[in-house]
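Please work through the exercises below with the sequence and the 3D structure open beside you. Each task is followed by a solution that goes step by step.

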Amino acid sequence: MKTKNMGFYQTLVSYGKMSVKRWVNKFSVIQFRKKKEEERTGTRKKSKSGFFMIMMCVLMMFSAFSMCYRLLNVYSYDLNKRFIDKEKPYILNEYVYNLLKKYVAFDSKESKIEITKLFDRIAFNKLKDKLKNTPSYSDFLKGKVKIKSDKSITRNLWKILNTKGISGFAYVKRKMDSFRTFPINLKILFKLLGIISIIAFIALFFMALANKNDNLGQVEWTMEWLFSFPVPTKSLFMIKVLEYTFFSPLQWFIYFPFHTIIFLLLDFVWWHAGLLGFLSTVYLSVLLSSFRLVCEIWIRLNLPRSSIKNIQALFTIVGMFFLLSVFFLSNSHTIPIFLIEIAENLPFSFLFCPITFPLRLLFGGMDILLLLCIIAIFVLIPAICLMIAKKMVSKGLLKSTGVFQGSRNIETTKVLSRKTIFRGVISKDLKHLWRDKNHMVQTLVVPLIIVLYNIFITPDLMQNIISSFNTIALLAFAIGGYTFVFGCFQVLNIEQQSLWLLFTFPEGIKKILTKKIIMWAFIGMGYPIIILVGGFVLIPFSLSMVLKTVIVITSLFLYAFLAGGMGILATNPMETEATKRINSGESMGYFLLLAVFGGSLYLNNILNILVMMFLIFVLVFATWQKVDDNIPFLLDPINDAPSKIDLKTGMISVFLFFFLQQVLFLCYLGTSWSSQQQVIASYFTSGLLVILGLLYSLYRNKVKDIFKKTGLRSELPKKIKRTHIKNAFFAGIGVSVLGVAYLKIIDVSGFFVKERNMFMENSGKNLSGSFFWLLVLYVFLAPVFEEFLFRGIVFQGFRRSTGLKVSIACSAIVFALVHNVVAIIPVFLLGVVTAYFFEKTNWLIPSIIIHMIYNAVIISV
Amino acid sequence: MIEHSKEILLKISNLSKQYGDFHAVKDLSMEVYRGDVFTILGPNGAGKTTTIRMLMGILCPTSGTAEINGLDCFSKREEVMRLVGYLPDDPIFYDYLRGSELIRFAGEMHGLSHEQIEEKSRPLIERLDLGKVLGEFATNYSKGMKKKLALILALLHEPDLLILDEPTNGLDPYATRAVHELMLELADAGKSIFFSTHLLDQAEKLCTRVGIVCKGKLAAVGTLDELKNQSSKYNSLEDLFFSLTSEKTENHEN
């Protein structure tokens with residue numbers, strides 16, 4: 001059968017459908033039905049990134065809009081301030097201006113008195129302060145804003161007031177209102193916006209070419225596949241341009257808000273503004289896409305694949321630089337002077353540049369001639385680009401099949417017998433880092449660029465950093481932690497689809513991954529060590545600096561393993577699409593944890609830092625427990641590890657338990673209960689919710705014998721149970737005696753006075769009330785909930801992966817840390833004893849009894 | 001064929017793998033003796049690759065066990081891997097490693113010294129005619145070259161048992177012949193081979209024993225002669241294969 005050649009529109013429709021489907025599939029929430037099918041036949045593991053992606057998009061669009069709004073706001077305000085009439089030398093703020101207006105307008109005695117008062121010694125200071133911040137235009141032109149002497153200000157003010165009246169002054173309204181009155185010098189504003197638009201264009205162009213997951217980054221060129229259809233080359237390219245236009249999110253995040261906001265502020269109706277913003281974005285994106293297509297084809301045709309990656313790395317650097325510039329320009333508080341100078345020197349006709357044409361159109365109104373121009377550009381440039389592209393592929397889409405291209409003809413024997421320092425996975429990953437220039441740039445160059453750029457735009461930053469070792473330590477920690485996202489976090493992702501190879505070696509996967517994490521940790525440690533050494537050189541030596549250094553380096557190692565574990569859990573090695581292989585939500589969580597520790601590092605309370613380090617350690621432990629469970633199932637298409645009670649859920653539920661208490665307490669504030677009852681109610685509901693939720697999640701994950709495993713039920717014979725309970729009684733009494741003795745000692749010796757007073761005050765506020773409710777809370781509720789969480793889940797979580805002593809100690813420390821500082825030692829002891837009993841009996845009742853006795857005794861004392 | 005000692009090297013007992021409601025492998029039991037060249041035959045989607053992946057410890061069986069030399073393939077994976085060389089159906093390699101570097105990497109991971117690696121790989125490279133492309137990144141290889149490279153990686157540590165998933169799929173006639181000769185040679189040297197295929201003539205040419213699977217279940221197992229002699233109406237392996245597999249399909253549908 002002879003098929004007809006596909007026309008342009010048919011191709012457009014079918015290809016368009018495919019593109020839309022591909023993009024919809026990225027948001028896999030929508031893909032619900034298909035996912036179920038995949039699960040049934042076992043073709044792919046489920047991925048959870050869809051909802052997250054949608055949220056991210058909404059958030060990005062929102063922040064883009066607010067950023068553009070802010071940009072215009074700041075710029076027109078600034079321009080108003082700077083380029084206001086040269087005849088009016090003083091720019092006054094609202095307060096001073098109104099005073100003067102009053103004086104001139106009413107000419108009454110009262111206001112005259114007020115004004116003269118103002119220039120009295122006493123009131124003069126007020127005006128002087130206001131004037132200090134309002135430079136005159138001539139000062140601005142000189143480049144230096146000098147504050148004149150008080151006398152000359154007054155003299156000038158009087159002079160102007162007497163000769164020109166109030167019209168001799170200019171005033172600027174408050175920032176937020178400045179928009180509706182566009183700056184007097186609108187031309188300058190549009191020139192500035194034009195410059196920003198061009199910078200954004202360059203940034204977008206390079207970023208698009210640098211995209212790792214798009215055409216240039218991939219091994220297979222989709223164009224090859226498209227060329228196998230009976231469609232004319234020209235329409236194929238046209239469709240490709242359209243695809244780039246509508247499916248490049250970054251373009252839409254930048255240009256759409258930018259133009260829409262400008263139209264909105266020119267008093268267009270919102271939907272007119274939206275439509276015009278859309279059209280401008282399409283226009284610019286089509287230009288961008290045409291250039292991009294030509295460049296891509298040229299690069300594909302003329303460069304071997306290995307150097308394409310290097311070029312992409314270069315593009316990343318260039319693109320990042322321009323993108324950062326756009327962010328910097330739109331986030332600064334004032335317009336940078338150099339930008340104004342450039343804008344002043346540029347002729348206005350520069351706006352005829354195709355990229356800034358929508359702006360020019362705006363400025364001139366909807367002139368027919370201009371409109372024709374824009375349409376001509378819109379048609380001509382893509383047409384020329386398409387012609388060039390077509391010409392380029394006229395001698396074939398590929399210059400060689402690729403297999404032997406770029407072959408360096410290295411003698412096999414040479415490579416095989418070459419001596420190397422590193423072996424195995426270490427050498428493999430180092431090779432990867434060195435050869436994947438894009439990855440190398442991200443890991444090693446981008447952090448440097450970010451820091452240097454920030455120092456460049458805010459020179460004070462350097463001073464601030466050098467001023468104390470604390471900030472240096474913080475900077476070292478932050479950079480180290482940041483690089484881990486591209487190293488340790490990617491240990492599994494970097495194996496790509498070759499993970500099967502690791503499974504054929506006689507070495508445990510976990511061991512291999514651990515080795516890799518340590519290697520990446522050392523790489524990430526490079527900058528922090530340089531910074532810390534710099535700190536030692538610049539700042540006079542003290543012993544606390546050594547302590548800080550030790551803390552930073554140990555915590556970085558902890559974070560390396562945290563990043564590694566989280567990255568392994570976030571990676572789905574079965575996923576063929578590189579963008580979806582790793583769940584980026586997890587890296588956000590990691591950044592959050594990084595920020596939390598960074599904060600306590602900055603606060604510089606050693607005890608606080610140590611507590612944080614311990615908690616991070618527990619987190620690392622919990623993550624790696626989960627990793628341990630998951631490793632055998634990495635290449636299993638749908639089966640996950642069978643669920644067990646683990647530390648991760650334990651820690652999450654402990655956190656939830658305390659968090660919910662706070663939230664629920666706020667809810668109960670509205671009720672008519674006494675504050676004591678409110679506390680108890682929030683404690684009770686949060687405990688109940690967390691425990692029920694936990695049991696439900698264990699049940700849903702098909703954990704067998706939940707009640708027995710968490711110690712809620714025991715199948716021991718009654719006799720043994722009775723002896724256990726008897727023993728628990730004695731132990732409880734013993735612990736509480738020790739506790740009371742400890743509290744007495746503290747009382748006498750006067751330790752923790754401040755903390756104790758604070759504690760008494762707090763608990764006094766909450767708990768003054770009936771003794772009955774106190775008993776309910778401390779003797780009944782607290783032991784049951786806390787024993788279930790800390791012994792039933794957290795202790796068991798530790799116990800599963802470590803020895804008895806370590807797990808007792810760790811769970812008791814966690815238990816003690818969530819309690820008040822005053823009683824930290826007896827609570828720790830209580831944790832040890834209850835954990836020991838739980839281990840012996842696998843039953844919660846004895847531990848609960850001990851806890852009850854302890855609490856009862858402490859309260860009554 | 002009967003004279004070789006009946007020492008069990010690979011033992012699969014009641015092995016099952018379930019994806020949701022779908023049984024990829026169901027209750028599979030078979031044994032492979034030391035020195036056997038064992039073929040697992042079956043149409044597409046019969047569960048051959050799933051079985052092999054369970055043998056490699058990549059997949060966790062839903063129930064049942066597979067043991068190699070008395071070691072459980074899943075829980076004792078690391079020790080099992082010393083004895084086994086594996087060639088997947090569609091080997092994918094790292095983006096940034098040359099063929100020779102991959103050989104080195106695999107050798108190092110098996111604990112071989114560089115001299116040993118060179119000594120072991122040189123004859124294999126020459127035989128499979130891969131020398132010219134080893135300096136190139138392995139992702140750029142054609143499918144046949146990738147397969148040859150993966151075969152070299154599998155043979156580096158001189159495993160007792162070779163597990164090959166469709167070993168000649170994607171190879172040209174020269175390479176196919178070279179691989180066949182290599183397999184026969186290894187078998188003569190006393191190594192055991194467990195391979196999957198859907199090419200009947202290949203099975204007939206190479207193997208000593210055959211297992212036919214269909215829809216995840218074992219349809220027949222035995223030496224070629226045993227299978228042919230089951231019933232007089234099967235003159236060839238081809239007849240047997242078609243009758244067994246199509247019969248199963250019908251039964252299943254009924």
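## Exercise 1: A residue in a loop

Gln496(A) is found in the loop of chain A between α22 (469–484) and α23 (499–503), where helices (H or I, at least four residues) and strands (E, at least two) are DSSP runs, numbered from the N terminus. The model is a predicted one, in which local features need pLDDT of at least 70, side-chain atom pairs count only at pLDDT 80 or more, and totals for chains, interfaces and linings use all residues. Residues are numbered from 1 along each chain as its sequence is written, chains are lettered from A and ligands numbered from 1 in the order in which they are written, and side-chain values use heavy atoms, with hydrogens and water left out.

**Task.** Describe the backbone, the burial and the contacts of Gln496(A).

**Solution.** 
1. Begin with the backbone: Gln496(A) has a positive phi of about 50 degrees, although Gln496(A) is not a glycine.
2. Next, consider burial, where buried means under 20% relative accessible area, exposed over 50%, and partly exposed in between (1.4 Å probe, protein chains only). Gln496(A) has a relative accessible area of 16%, and therefore counts as buried.
3. Finally, list the contacts, meaning heavy atoms within 4.5 Å. If neighbours within four places in sequence are left aside, Gln496(A) is in contact with His432(A), Pro573(A) and Arg581(A), and also with Phe93(B), Tyr94(B) and Asp95(B) of chain B.

**Solution.** 
1. The residue in that loop is Glu166(B).
2. Glu166(B) has a positive phi of about 50 degrees and is not a glycine.
3. At 8% relative accessibility, Glu166(B) counts as buried.

## Exercise 2: Salt bridges

**Task.** How many salt bridges does the structure hold over all chains, and which parts of chain A does the pair Asp429(A) and Lys516(A) tie together?

**Solution.** 
1. Recall that side chains of opposite charge can pair when their charged atoms come close. A salt bridge is a side-chain nitrogen of Lys or Arg within 4 Å of a carboxyl oxygen of Asp or Glu.
2. Over all chains, the structure holds 22 salt bridges.
3. In one of them, the side chains of Asp429(A) and Lys516(A) meet at 3.3 Å, N to O. Asp429(A) lies in helix α19 (residues 424–435) of chain A and Lys516(A) in helix α24 of chain A, so the pair ties together parts that are 87 residues apart in sequence.
4. Then widen the view, for Asp429(A) and Lys516(A) are linked with Lys428(A) and Glu495(A) in a network of salt bridges.

**Task.** Where in chain B do Glu108(B) and Arg104(B) lie, and are these two residues buried or exposed?

**Solution.** 
1. The side chains of Glu108(B) and Arg104(B) meet in a salt bridge of 3.7 Å, N to O.
2. Both residues lie in helix α3 of chain B, 4 residues apart, which is about one turn of the helix.
3. Both Glu108(B) and Arg104(B) are buried. They sit in a mostly covered helix, since 11 of the 11 residues of α3 (residues 99–109) of chain B are buried.4. Just after α3(B), Gly111(B) takes a positive phi of about 80 degrees.
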